[in-house]
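Dear colleague,

Please find below the structure that I am handing over to you, together with a short account of what was found in it. I would be grateful if you could read the account alongside the coordinates.

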Amino acid sequence: MRLQLLLCCAMALHAQVQRPEPSTYAAPDLSQMITRGGDLRDVVERYRADETSLSRFHTLPGSPTTLSAMRAFYEAWSTSLQRQVDFDTLGTEGRIDYVLFQNRLRYELRQLVEIKRRQDEMAHLIPFAPGIMQLHESRVRVDPIEPAKIAAHLDAMAKQLAKPIAGCRAKPAECPEKKTVANRASRTVAEYRTILKNWFDFYNGYDPLFTWWVTEPYKRVDAALERYAAELREKRAGVAKGDRDTIIGDPIGREALLLELENEMIPYTPEQLVEIAKMEFAWCDREMRKASRELGFGDDWKKALEHVKTLHVEPGKQTALIVEQAVEAMQFVEKNNLVTVPPLARDVWRVNMMSPERQRVNPFFLGGESIIVSFPTSTMTHEQKMMSMRGNNIHFSHATVFHELIPGHNLQVFMGQRYRPYRRAFSTPFWMEGWALYWEFLLWDMGFQKTPENRVGALFWRMHRCARIIFSLSFHLEKMTASEAVEFLIDRVGHERENAAAEVRRSFETDYSPLYQVAYMMGGLQIRSLHEELVKTGKMSNREFHDRILQGNTMPIEMVRASLTGRPPAKHYRPQWRFYGGIQ
């Protein structure tokens, strides 16, 4: 009897044991982590490892716990960087690393403020969110649970969801929020529903008391969340039930855009970038009319474009076309000694096909280690098949296969895995997409697009890049809606409607950053300007110029310039390079 009593007491004590409170994060001693070469590779790699560990534990971006933990983390690293790293003893690459790291930490801290602002903006629509966050975070900590109390908590939440929230059910007209905020709230509710399901599945069946108490109230809350997410989307955001085509998006506003531009080291305002895009558009218009005349369509370039769209291969032949065009581009860059292509990189690129569902947001190629090809499948409607073939015709492909493979993204990824891989912590689309787009500029200038059909295909894409800048910035400035962006692509660039909608959906309803679509042409223009500064003046050969960009790995192009020119940035550097003439 005494032994049984001792065992019961031991079990009771064991059940009450909880994880200790998390300690305040302290950054390591950075002064001991500077490499012999004077760069910050070990420092950045340690930062990334710690950040990854922390973010895998704190998985709710908008929760107070996550915001507090990540703020302490970034502030600790910022303080340590300033106090423990002697900037003046670093070489050029080390100083570039310091400025990049400082810039990244400043951006991350500002992003936490922006996340909190957006969370607060929709808080009145999701007053039950703190309760779900609490359950999730308690599960992650593996706190002891009291199933009866949890059941009561869920029961109260179900009743709360049954009542009008902020007037949005009883009197929708009294709700002041924008459609974009309501749509964001709808998506957030759907995310919370998934979070709650994962929480329930963690305990259900493993803890019999939990299952007995919690199953019924959980099911009621789950059903209520599903209804409420649909209600927000349909009644407040104005998207009809079953509508998968309407695009709402979530504009961030001018102030947030300026912070994004500062992080990317772009010393222009959103309005100035739109002006640059219009100037590039004007060049495209002139060149498109020239090609149209060569094809016998006079100045009506849209007729020339329609003609080129009909020049597609038969179903089943697209992969053979891709291989042919990939080999042509590789032979061109090697023949002209433009960039080093390691034999292994030349040998191991791959081809994959895009699923019909994925083509809803990616109607054209994607690239990296492999090129992912969009082309019709048997499951598509006749209209979808024709749009896909027309949008992936021979000459559109001729202008983009090398963008995805060699010398574009495939070569970038290959080299980035081998040279300064730690700089992936400073990844930017202005380097990634800008590099691939820059090759479209350079190969055009070198006569790679031989025929007028080739040139129409290349110009279509260049016009597309201009349009991306205009519609994405205008959307985030709240001067253009997503539906207006679709019409803009159709009218100004000549897109197929399905493809235009997919492009806009990709821009505004995926995880792309607000400046991602801007980065293609702007990054390309930056590299082109740097090429004019260093190669056209005879200071570097094409091969040295391109190799050194790849070997420096990803970072804002202004820091690429610092590296290539050997002019290290100041400790508290701010973007200042005006890379485009005519815009002050």
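**A buried asparagine in a loop**

A polar atom of the Asn392 side chain lies 2.9 Å from the backbone oxygen of Ser388. Please note that the model is a predicted one. Asn392 sits in the loop that links α14 (382–391) with α15 (394–398). With a relative accessible area of 2%, Asn392 counts as buried, because this class takes in residues under 20%.

**Nonpolar cores**

The largest nonpolar core comprises 135 residues. Trp77, Leu273, Trp439, Val504, Met522 and Phe545 have the most contacts inside this core. Helix α19 (residues 452–476) provides the largest share of the core, namely 13 residues.

Once neighbours within four places in sequence are set aside, Trp77 is in contact with Tyr25, Ala27, Pro28, Leu30, Val43, Arg46, Tyr47, Asp50, Phe101 and Leu105.

Leu232 belongs to helix α8 (residues 208–236) and is buried, with a relative accessible area of 1%. With neighbours within four places again left aside, the contacts of Leu232 are Leu125, Ala182, Ala185, Ser186, Val189 and Ala237. For one of these pairs, Leu232 and Ala182, the separation is 50 residues in sequence, while the C-alpha to C-alpha distance is 5.9 Å.

**A parallel strand pair**

Strand β1 (residues 350–353) and strand β2 run parallel and are joined by 4 bridges. Within β2, Val373 is the bridge partner of Met353. In a regular strand, side chains alternate between the two faces of the sheet. Strand β2 (residues 370–373) is covered on both faces: Ser370 and Ile372 are buried on one side, and Ile371 and Val373 are buried on the other.

**The second largest pocket**

The volume of the second largest pocket is about 720 Å³. This pocket is lined by 27 residues, of which Pro22, Phe57, His58, Thr65 and Ala69 are the closest to its centre. Helices α2 (41–57), α3 (64–84) and α5 (129–141) each contribute at least two residues to the lining. Which helix gives the most to the lining of this pocket? That helix is α3, with 6 residues.

Yours sincerely

Notes: Residues numbered from 1 in each chain as written. Predicted model: local features only at pLDDT ≥ 70, side-chain atom pairs only at ≥ 80, totals over all residues. Heavy atoms only, no water. Core = buried A, V, L, I, M, F, W, Y, C linked by side-chain atoms within 4.5 Å. Buried < 20%, exposed > 50% of the residue type's maximum accessible area, 1.4 Å probe, protein only. Contact = heavy atoms within 4.5 Å. Pairing = 2+ DSSP bridges. Polar contact = N/O pair within 3.5 Å; in protein donor to acceptor, adjacent residues only side chain to side chain. 1 Å grid on protein atoms, 1.4 Å probe; cavity = no way out; pocket = protein on both sides within 12 Å on 5 of 7 lines; lining within 4 Å. Points joined across faces, edges and corners; volume = space filled by probe spheres on them.
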